[in-house]
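Hello,

I am passing a structure on to you, and the sequence and model are shown just below. My notes on what was found follow after that.

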Amino acid sequence: MNIQQLIDDIAADVRPYLAQAAPADYIPALAGEDPQQFAMAVATLDGQLYATGHSDKRFSIQSISKAFMLARVLAVYGDALWQRVGKEPSGNPFNSLVQLEYEQGVPRNPFINAGALVVTDIALSQLGDSSSALRDFLREESAQPALDFDYVIAASESEHGHRNAALAHFMKSCGNLHNNVEQVLAHYFRACSLRMNVAELARAGLFLANHGASPVSGAQRLTRSQAKQVNAIMLTCGTYDAAGEFAYRVGLPCKSGVGGGILAVLPGKMSIAVWSPGLDARGNSLAGLEALDRFTTRSGESVF
Ligand code: DON
């Protein structure tokens, strides 16, 4: 397979989709991104990196941070995590409030916002400064020491993040947040604000493609079994109420973010990152999904 040719062709083919979607505007600092931008990168376990489009441009990884935060917390806290958060798809939007009250403040999975807030709470208890720990982890796994938060985006989300505040306060009332609500929210927003480009993101995902062992840092980040677990939750919950459509069309564990990025993992082979800021109705990158669909369909590669 000629990966460079394939992703160059895909970049050309998805161009018509760029005009059909708009960036997230509920976080005002994200609304200004030009939706005409597109980038895709593939990092392979044999050390190659292929990239196309605006692959140097860093963007806010938003909920993609949840996959890495889950990996960090699973590594240090293990299965005790599952007493605080479930591992079933929610079938609801990522910021939904309704299910949480029915289920006594225990979020369905670690990737909806409520679940990520619980994971952040555990990270604060286990790792201390959880957002800095995540930033340092991603600096190592992308071999890019300059990665950092976008404090303007974090502040913009903090100012407008009433739904996340509602979720966090409700869970606190149920006893499922142990740290101070404002502190949990601040670390969650900061982790979401991290800026990376697709090349850095694809590289950082390699430990998930390599059964927990990072070919970038040389560290065993997860056990083989834990890497399987994170990938499984990405497949079933990583794109929220579109997880069925992603599994059907892409056939890979994926984690999306409202910054327009999507990270996809092909265990044993490669990690793929795609970015285009225009989102579909369920908060996932419209051109990103189109690109990943074409990548697995044309290459014949997927977990199925
Ligand atoms: O909490 C939020 O709403 C954002 N910081 C992250 C949401 C997100 O990226 C959902 N993904 N598609």
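Let me begin with Glu200, which touches Arg58, Ser142, Gln144 and Leu147, not counting residues up to four places away in sequence; touching, or contact, means heavy atoms within 4.5 Å. This is a predicted model, in which local features need pLDDT of at least 70 and side-chain atom pairs count only at pLDDT 80 or more, while totals for chains, interfaces and linings use all residues. Residues are numbered from 1 along each chain as its sequence is written, and side-chain values use heavy atoms, with hydrogens and water left out.

Glu200 is found in helix H10 (residues 198–204). Helices (H or I, at least four residues) and strands (E, at least two) are DSSP runs, numbered from the N terminus. The relative accessibility of Glu200 is 4%, so Glu200 counts as buried; buried means under 20% relative accessible area, exposed over 50%, and partly exposed in between (1.4 Å probe, protein chains only). The side chain of Glu200 also makes a polar contact with the side chain of Arg58, at 2.6 Å. A polar contact is a pair of N or O atoms within 3.5 Å; within protein, one must be able to donate a hydrogen and the other to accept it, and residues adjacent in sequence count only if both atoms are side-chain atoms.

Next, the ligand. It is surrounded by 15 residues, and the closest are Tyr26, Gln62, Ser63, Glu157 and Tyr188; a residue is counted here if one of its heavy atoms lies within 4 Å. By type, this shell divides into six nonpolar residues, eight polar and one charged (Ala, Val, Leu, Ile, Met, Phe, Trp, Tyr, Cys and Pro count as nonpolar, Asp, Glu, Lys and Arg as charged, and the others, Gly among them, as polar). A polar side-chain atom of Tyr26 lies 2.5 Å from an oxygen atom of the ligand, and a side-chain N or O atom of Asn113 is 3.0 Å from a ligand oxygen. For Glu157, a side-chain N or O atom is 2.7 Å from a nitrogen atom of the ligand. Taken alone the ligand exposes 340 Å², and the protein buries 100% of that (Shrake-Rupley method, 1.4 Å probe; for residues, only the protein chains shown count as cover).

Gln62, one of the closest residues to the ligand, lies in the loop between strand E3 (59–60) and helix H3 (64–77). Gln62 is buried, with a relative accessible area of 2%, and has a positive phi of about 45 degrees although it is not a glycine. Ala143 also has a positive phi, near 55 degrees, and lies in the loop between helix H6 (130–142) and helix H7 (151–160).

On the nonpolar side, the largest core has 72 residues, and Phe68, Leu81, Leu138 and Leu201 have the most contacts inside it. A nonpolar core is a set of buried Ala, Val, Leu, Ile, Met, Phe, Trp, Tyr and Cys residues joined through side-chain atoms within 4.5 Å. A second, separate core of 26 residues includes Ile10, Leu252, Ile272 and Phe295.

Ala39, in strand E1 (residues 39–44), is buried at a relative accessible area of 0%. Ala247, in helix H13 (residues 243–249), counts as partly exposed at 24% relative accessibility.

Regards
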